[in-house]
Amino acid sequence: MNMSSFKYSSMIPVLLLLLANGLSLVLGATYPNSPDTEPPSQWSSMSTTFPQHCAPFGISIFGLPSNRFPRDKFLHVCNMMAQFLDNDQDGCADDINVVKMIRLNQAGLLLMDVENEADLNNVASSFDESTLFASKVIPSCSGSSETATCKDETIEEALDLIYEYGVSLFYSDEFGQCYDGNLQALSEIQVQMDIARGGHFPTVPTSYPAGAVFHLNEPSCDYDCMTSEFFYYALTSLLGGQDARASYNMDEWEASTAQDLQTKLPQMYSLLTKGVTSMKLIAANGVLPGTGSSAGATATYNPSSQTCSTGCGLDGSGCGVLGNSSGSINHCIYEGTTFAPSPSSTTSPTRPSSTTSSPTRSPVQAPSPTQSSCVDSPQPMRINGKSRTCTWVGRNDRRKDKRCAKTGVRDHCPLTCDGDCSADSKKRFQIGAKFRTCRWVARKNTAKRCQRSGVAETCRSTCS
């Protein structure tokens, strides 16, 4: 018998055993140029629609086929996430607890070309995605290479995911995002945000006080959302990502350089640079991926090793358990969660005891339109890549019927378009600074998400 044939045939039972136990089969995944892996078994059904998949440190990123989401942009996104989490590029996640928390919450990125309901219908209900569109992924304008007219949204989406599902939950005293109205329970970053906004505003004020440094005026962005936006602006300003956009940012943010941040918000500068986390990114010498290259992070992330024997590796080994909930979860319940020190991938999280001083954040059922009422969504939606409102749809009687006939518009604007007044909108609509779907509202934290301005009137069935 040929020894080579025997060698490979003898591996088959081992490979079958691995697959039977729900483990991803990864053959030669290497960064930066070949990060492709098979998805976790619980999301394997997504592969038909989203065949491109990578999972730096076990965090899934799904992409449409390369003819719809270009291969170079897919590689850039994979490496962007990897370099954020491994900023010193040694092949080990800088802060294993941040990664474990993200995996526990089943969060990841979804890469699309345009909004398409048929594609979204194939997203697993347990996958809590943040969506990036190909037109908004611009590797040559990434990192510190952003300008007033060219911005790579990969940075913001990836950072939001890392912050919301990782940093804010594990380091809740310092960076906590979750808010229940208790001023005594504000995290350090929220205290600093109130200073930057010139006061404590649970909702967006009609006008900000004179001298406010952070004055984002987006009514649908609640206090949690504002905290996430504040973190993004402050960290990217510290690391040189906003310098060229300083004038452009003035309507929202007035500390776009590290020097301005240190001068205008010294305590926030200190919070970001005093080493609260083990993330090399959150430090004065952190590096924004993608700077100075047309290939973006694919050119700037070159790990010295593809494996990590003592911590959380690029292949996801040692990075903690992947959550398996299929229902609605308020991720704020994980605030203060700790993990056993072992890097083993079978490590389970430890929830805080009932004696913890952390506040309890019970979801409150959001008000919803009455069944007899019929209201248009007050939230802007995406139509042909542009932000449009129901007012725009009904503005011109001669064009209204044509606009109402566009995919999803009738359910978004049922009063204007004589649609189903009890149905969820099928359009992607604005929540805070991002565009989301009612599927996203229903997936996790539903009661809390329904409380955001305009959401109950948009996701009528989900929030009823």
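Predicted model: local features only at pLDDT ≥ 70, side-chain atom pairs only at ≥ 80, totals over all residues.
Student: What distance does helix 6 reach from its first C-alpha to its last?

Tutor: Helix 6 covers residues 154-170, which amounts to 17 residues. At 1.5 Å a residue, 24 Å is expected. The model comes close to that value, with a reach of 23 Å.

Student: How many residues of helix 6 are buried?

Tutor: A residue counts as buried when its relative accessible area is under 20%. Helix 6 is mostly covered by this criterion. The number of buried residues is 17 of 17.

Student: What is the order of the strands in the open sheet, and which are the edge strands?

Tutor: The open sheet has 4 strands with mixed pairing, in the order 1-2-3-4. An edge strand pairs on one side only, and this applies to strand 1 (52-54) and strand 4 (128-133).

Student: In which sense do strand 3 and strand 4 pair, and which residue is the bridge partner of Ala 107?

Tutor: Strand 3, residues 107-112, is joined to strand 4 by 6 bridges in the parallel sense. Along this pairing, Gly 108 stands opposite Glu 129. The bridge partner of Ala 107 in strand 4 is Asp 128.

Student: Which strands does helix 6 touch, and what angle does its direction make with that of strand 4?

Tutor: Helix 3 (residues 71-85) packs on the sheet, where it touches strand 1, strand 2 (61-63), strand 3 and strand 4. The direction of helix 3 makes about 20 degrees with that of strand 1. Helix 6 also packs on the sheet, touching strand 3 and strand 4. The direction of helix 6 and that of strand 4 make an angle of about 170 degrees.

Student: Which residues of strand 4 point the other way from Asp 128, Ser 130 and Leu 132, and are they buried or exposed?

Tutor: In a regular strand, side chains alternate between the two faces of the sheet. Strand 4 is mostly covered, with 6 of its 6 residues buried. Asp 128, Ser 130 and Leu 132 point one way, and the residues that point the other way, also buried, are Glu 129, Thr 131 and Phe 133.

Student: What is the average pLDDT, and over which residues is it below 50?

Tutor: The protein averages a pLDDT of 85, and 85% of the residues score at least 70. One stretch below 50, with 11 contacts beyond near neighbours in sequence, is residues 3-26. Another stretch under 50, with 62 contacts beyond four places in sequence, is residues 342-372.

Note on methods. Residues numbered from 1 in each chain as written. Heavy atoms only, no water. Helix = DSSP H or I, 4+ residues; strand = E, 2+ residues; numbered from the N terminus. Expected span 1.5 Å × (residues − 1). Buried < 20%, exposed > 50% of the residue type's maximum accessible area, 1.4 Å probe, protein only. pLDDT = per-residue confidence, 0-100. Contact = heavy atoms within 4.5 Å. Pairing = 2+ DSSP bridges. Axes fitted to C-alpha atoms, helices over the stretch in contact; angles between N-to-C directions.
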